[in-house]
Amino acid sequence: MNNQCAFLWRTFASFLLLSGALLFSLVANAQTDTGWLTNPNHPPVKTRFVLTGQINPMDNTVEGYLDVALSGDWKTYWRTPGEGGIAPSINWGESSNLEKVDWHWPHPEHYSLLGIKTLGYKGDVVIPMTLHVKDFTQPVVVDAKLTLSSCTTICVLTDYPISLSFTPNELTVSEQAMYIHAQAISAVPKPSPLITKQEATWDKASNRLEVVLTKTQGWTQPDIIIDSSNESINDYNYTLNSLNIEGETVTAVFDISTWLGDIDLSGQTLNITIQDNDFLAEQSAAVSQGAITKKMPDVGLTEMIGFALLGGLILNIMPCVLPVLGMKLSSVISAQGLSRRKIRLQFLASSAGILTSFWLLAAFLLILKLSGSAIGWGIQFQSPWFIGLMVAVTAIFGANMLGLFEIRLTSNTNTWLASKGDHSYGGHYLQGMFATLLATPCSAPFLGTAVAFALATSSLEMFVIFTALALGMALPWIIIALFPALASYLPKPGAWMNKVKLLFGVMMTLTSVWLLSLLANHLPIFWVGLIAITFALMVLARIKKVYGDKALLVSGGLTLFSVAGGLLIASLTSHHWATPIKDDINWQPLSNEAIMGSVAQGKTVFVNVTADWCVTCKANKIGVLLQDPVYSALKSNKIVAIEGDWTHPDGAVTDYLRANGRFGVPFNIVYGPNAPQGIPLPVILTSDYVMDAIRVASGEGR
């Protein structure tokens, strides 16, 4: 009996030991998986935290993953959510023997709702994690809280408790968990040896970021995401502006925006995440600072040549070229009675002069471009030497047209220059060159687009575009050269031509005075005044010599009477006309920080980039900006008026123009809460253009 009792007792004890071992094993295994966690207040989402059992004693790490299952259209977010949403986070604060946890984020998808763009996941997403343990031989207690944001048309923020314990060196590998982990880790972008170059350039003037990546196998259609592990700048939004693929290199330009203050990427390192078909990679790049030229739209060379032809043709009717019109008309009308061959050669000579000037301009700009200097249309007017040369040339041409120089070929240099208005082919050639140089302070429709394309492309294509501009400007003369009989349909030469010639001579002289006034930006006013007085005395002396004392008295009296009368009338009627043309708008200096700061405050910003030598700029200001309704709008408290002055070389203004794909003035753009990237305006403004842009940018509609 005793033996039977002992046997039963041993059997029962063994059963208890075996049951305890099994129970302990089950408990131990359960501690590597939280199981599915749900919240009754938000049933569309469930999650679990799982350890795979994979360990690395060399660096005290344990592998695991967060598994999130979302129903229907619910989604959660990537580490950088984009313009909305909150990234998943875990507070590990109550855990023990746990140093840190690394998240490994799979490549996200792009989502957009009501204009808000976000990055995240739908369906079932597994986020691998690496746990760094302090002591591999001691138990690890995980007592954490997962905060998960999930959204459809609404967003819900839900907390899930994560609780488990384990001893790292006693873990066993779960084949199923390891398989899920391996699949998830394959979707995590990592540095790739195929990418041989990665650069990031920040343009502070425009708050744009240019990313350049080179991959040995080339690109198809890469998706590039920018973010940073630096929390202070991780709230910036990077919106793709342009993407250009050339061989093995892709260049992406992003607009950077934030509502949290100024943008500053100085000394920062960015993460560049790339997906291109089955290729995944994540590279890091240190940010350098520099100017970025805005990429031109995807328009071919053929279309740009068409723009250049139109821009050059329109230059003929711009006010800059108007003073040369007298010489052109005189040339056309005087051609009557000549042989067709002479007519053709004269007009081909003028066309050749135009071509030569444009080629010289292209060569000059190319030299500046290769040397890293500022480049732009009309930039030579920033030089006092060039302005002085143009003053002298216009004065000679003006005096010639006024008949103050005798037109005959001699060895005297001045007489030779004056004679260039005659029928000699050299004279027509110089007229063409002169007309081009005088046209450069003007911008015309299509001209800015063509010049921007030319200056941003290769040297060969640059010369092609400038040749097209020259052909467009020379087109009226080329047509007459091709069809000389057209000259016979023009008015017959006569005494009226002398009066017209005098009129345009006066206009040319006034052009010389205007150019002389531009020297006041470079020379003391005393010297400018002295030059003006000397010039006036020389003109009067020539009038006396050529036309006699009577003409001198008449011209001198008319000049004094006009000046005195103009000043008297201006003083008596100033209260009627001063307001519309007086520039008392509170222009602030051009600053990207001022633009972004004002927009962040909900204000509308009007930017005017101008120069004293730009005739189109002056016409826009006097005819539109200083006239109602635009004038009153720019004076209101709701609009911040900002002006950039390109009269002198200014690196900040040049960088701003380049950042907006422009290489000349005028340039006008309107920013606002509804248009943070700006609404560029046409070269030639109208009140409707400006007011419509202001209404759209401010969000007021039409």
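## A first look at this predicted model

The protein chain has 18 helices and 23 strands; helices (H or I, at least four residues) and strands (E, at least two) are DSSP runs numbered from the N terminus. This is a predicted model, where local features need pLDDT of at least 70 and side-chain atom pairs count only at pLDDT 80 or more, while totals for chains, interfaces and linings use all residues. Residues are numbered from 1 along each chain as its sequence is written, and side-chain values use heavy atoms, with hydrogens and water left out.

Let us begin with the whole chain. Of its 702 residues, 45% count as buried; here buried means under 20% relative accessible area, exposed means over 50%, and partly exposed lies in between (1.4 Å probe, protein chains only). Among contacts between residues at least 6 apart in sequence, 73% join residues at least 24 apart, where contact means heavy atoms within 4.5 Å.

### Inside and on the surface

On a 1 Å grid over the protein atoms alone, a cavity is a set of points where a 1.4 Å probe fits but cannot get out, and lining residues have an atom within 4 Å of a point. Residues lining the largest cavity include Arg208, Asp255, Asn592, Tyr671 and Gln677. The elements giving two or more residues to this lining are β16, α14 (592–600) and β23 (675–680), and β16 supplies the largest share, three residues.

On the surface, Leu313, Leu475, Ile479, Leu482, Phe483 and Leu486 form a nonpolar patch with about 520 Å² of accessible area together. Patches are made of residues with over 30% relative accessible area and no salt bridge, with like charges joined within 9 Å and nonpolar side chains (Val, Leu, Ile, Met, Phe, Trp, Tyr) within 5 Å. A salt bridge is a side-chain nitrogen of Lys or Arg within 4 Å of a carboxyl oxygen of Asp or Glu. Helix α10 (residues 459–482) gives the most to the patch, with three residues. Leu313 sits in helix α3 (residues 301–315) and is partly exposed, because its relative accessible area is 34%.

| Residue | Relative accessible area | Class |
|---|---|---|
| Gly247 | 57% | exposed |
| Lys621 | 14% | buried |
| Ser95 | 15% | buried |

Gly247 lies in the loop between β15 (237–246) and β16 (249–257). Beyond residues up to four places away in sequence, Gly247 touches Gly218 and Trp219. Lys621 belongs to helix α15 (residues 615–625), and its contacts, again leaving out residues up to four places away, are Asp583, Trp587, Asn608, Leu626 and Glu643.

Ser95 is in the loop between β5 (89–91) and β6 (98–103), and Asn97 is placed in the loop between β5 and β6. Asn97 has a positive phi of about 60° although it is not a glycine.

Finally, the peptide bond from Asp628 to Pro629 is cis, with omega near 10°; Pro629 lies in the loop between α15 and α16 (630–635).

Key: Areas by Shrake-Rupley, 256 points an atom, 1.4 Å probe, with all protein chains shown as cover. 1 Å grid on protein atoms, 1.4 Å probe; cavity = no way out; pocket = protein on both sides within 12 Å on 5 of 7 lines; lining within 4 Å.
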